[in-house]
Amino acid sequence: MGAGNSDIVLVYFIGTVGMLLLAGGLVFFFISYQKRLLRKQLELNQVKHDQQKEIIKNTIQAQEKERKRIAQDLHDEVGAMLSVVKLNVGRIEKQSEDKARKVAGETKSYLDEVITQVRGISRSLLPPSLEKLGLYSAIEEMANWVNKADEVKVECWKSGEAYRIDIKTELAIFRVVQEMVNNAIKHAQAETIFVNLRFASGVSVVVCDNGKGFDLTKKMATGLGLKNLESRTEMVGARFKLKSKPGKGTCAIICWNGNEQG
């Protein structure tokens, strides 16, 4: 009888151990399977992220190429044609009677305005000073053009000795500053925009306005333009940070460290 009980206990023991091993195996398999699924999902997300970055990068490069072409066409062809028309109108003005001279003079004034606008558009698309003189000169030139309109005041200054960096990096930073200034003028109802450049081991730019501000969380969730600004800075190894609150204005910070450039 005792031997029979021992056999039964042994069977229960072996069965229990077997069930525990089976349960442990199932748990281990489930955990391993979940880890593999998670790893695959992370890899898929990374692939999607890389694809999105590549699409944005190609889109931005195409935009810059097209902007450069349009800027050159405006400067070389349209600007030249308008200048010739202006000269012809000037000749007519000298040879005409009083009434015709007045009309010619008015037309000449309109042409002056159109030529100024064309030059402004050309500079906005691709500022010549960016390639020739660098980032600070281009931003300063942009500020001067905005100030000519006498609607918004742009104050621009720098600390440290300005130096040249890769033209693609300069262009990316300039575009972000340009977009922040445009947003402050069009949407923020700002009266003053402050642009501060700091040249040290890297380059940092701070763009702040005293406009109406916005809810940053909502804007980042829906604003494709802000995501494009982030993408622009990431492409050249820079960092972009935005701060804003309703009624408190907006402040953007762009930081580039030469060692981080991709």
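User: Which residues is alanine 190 in contact with, leaving aside its neighbours within four places in sequence?

Analyst: This is a predicted model. In it, alanine 190 is in contact with Val152, Ala184, Asp209, Asn210 and Gly211, once its neighbours within four places in sequence are left aside.

User: Where is the place of alanine 190?

Analyst: Alanine 190 sits in the loop between helix 5 (167–186) and strand 2 (192–199). One partner shows how the chain comes together there. Alanine 190 and glycine 211 are 21 residues apart in sequence, yet 3.8 Å apart in space, C-alpha to C-alpha.

User: Is alanine 190 buried or exposed?

Analyst: Buried means under 20% relative accessible area. Alanine 190 has 8%, so it counts as buried.

User: What about glutamine 189? Is it buried or exposed?

Analyst: Exposed means over 50% relative accessible area. Glutamine 189 is at 61%, so it is exposed. Glutamine 189 also lies in the loop between helix 5 and strand 2. Look at its backbone too. Glutamine 189 has a positive phi of about 55°, although it is not a glycine.

User: Let me step back. How many helices and strands does the protein have?

Analyst: There are 7 helices and 5 strands. Along the sequence they follow the pattern α-α-α-α-β-α-β-β-α-α-β-β.

User: How many of the residues are buried?

Analyst: Of the 262 residues in the protein, 31% are buried. The protein exposes about 17400 Å², and carbon and sulfur atoms supply 58% of that.

User: What share of the contacts join residues at least 24 apart?

Analyst: Take contacts between residues at least 6 apart in sequence. Of these, 66% join residues at least 24 apart.

User: How do I read a nonpolar core? Which residues touch the most other members of the largest one?

Analyst: The general idea first. In soluble globular proteins, nonpolar side chains tend to be buried together. Here, the largest nonpolar core has 39 residues, and Ile139, Val177, Val195, Leu197 and Val205 touch the most other members. Helix 4 (135–148), strand 1 (153–159), helix 5, strand 2, strand 3 (202–209), helix 7 (224–235), strand 4 (238–244) and strand 5 (250–257) each supply at least two residues. Helix 5 gives the most, with 9 residues.

User: What does valine 195 touch?

Analyst: Leave out residues up to four places away in sequence. Valine 195 then touches Ile139, Val154, Glu155, Cys156, Trp157, Val177, Val205, Val206 and Val207.

User: And phenylalanine 174? Where does it lie, and what does it touch?

Analyst: Phenylalanine 174 lies in helix 5. At 2% relative accessibility, phenylalanine 174 is buried. Beyond residues up to four places away in sequence, phenylalanine 174 touches Pro127, Leu130, Leu135, Ala138, Ile139 and Met142. Another pair to locate is phenylalanine 174 and valine 205. They are 31 residues apart in sequence and 9.6 Å apart in space, C-alpha to C-alpha.

User: Next, disulfides. How many does a search of the whole structure find?

Analyst: A disulfide is a covalent bond between the sulfur atoms of two cysteines. The search finds 1 disulfide. Cysteine 208 is joined to cysteine 251, with an S to S distance of 2.2 Å. The pair links distant parts of the chain: cysteine 208 is in strand 3, cysteine 251 is in strand 5, and 43 residues separate them.

User: Are cysteine 251 and cysteine 255 buried or partly exposed?

Analyst: Cysteine 251 is buried, at 17% relative accessible area. Cysteine 255 is partly exposed, at 25%.

User: How do I read a salt bridge? Which side chains meet in one?

Analyst: Side chains of opposite charge can pair when their charged atoms come close. The structure holds 1 salt bridge. In this salt bridge, the side chains of arginine 164 and glutamate 170 meet at 2.8 Å, N to O. Arginine 164 is partly exposed, at 39% relative accessible area. Glutamate 170 is buried, at 0%.

User: Last, the surface. Which residues make the nonpolar patch of about 340 Å²?

Analyst: Met19, Leu22 and Leu26 make this surface patch. Take leucine 26 as one example. Leucine 26 is found in helix 1 (residues 2–95). Its relative accessibility is 53%, so leucine 26 counts as exposed.

Notes
Residues are numbered from 1 along each chain as its sequence is written. This is a predicted model: local features need pLDDT of at least 70, side-chain atom pairs count only at pLDDT 80 or more; totals for chains, interfaces and linings use all residues. Side-chain values use heavy atoms; hydrogens and water are left out. Patches are made of residues with over 30% relative accessible area and no salt bridge: like charges are joined within 9 Å, nonpolar side chains (Val, Leu, Ile, Met, Phe, Trp, Tyr) within 5 Å. Accessible areas come from the Shrake-Rupley method with a 1.4 Å probe; for residues, only the protein chains shown count as cover. A salt bridge is a side-chain nitrogen of Lys or Arg within 4 Å of a carboxyl oxygen of Asp or Glu. Helices (H or I, at least four residues) and strands (E, at least two) are DSSP runs, numbered from the N terminus. Buried means under 20% relative accessible area, exposed over 50%, partly exposed in between (1.4 Å probe, protein chains only). Contact means heavy atoms within 4.5 Å. A nonpolar core is a set of buried Ala, Val, Leu, Ile, Met, Phe, Trp, Tyr and Cys residues joined through side-chain atoms within 4.5 Å. A disulfide is a pair of cysteine sulfur atoms within 2.5 Å.
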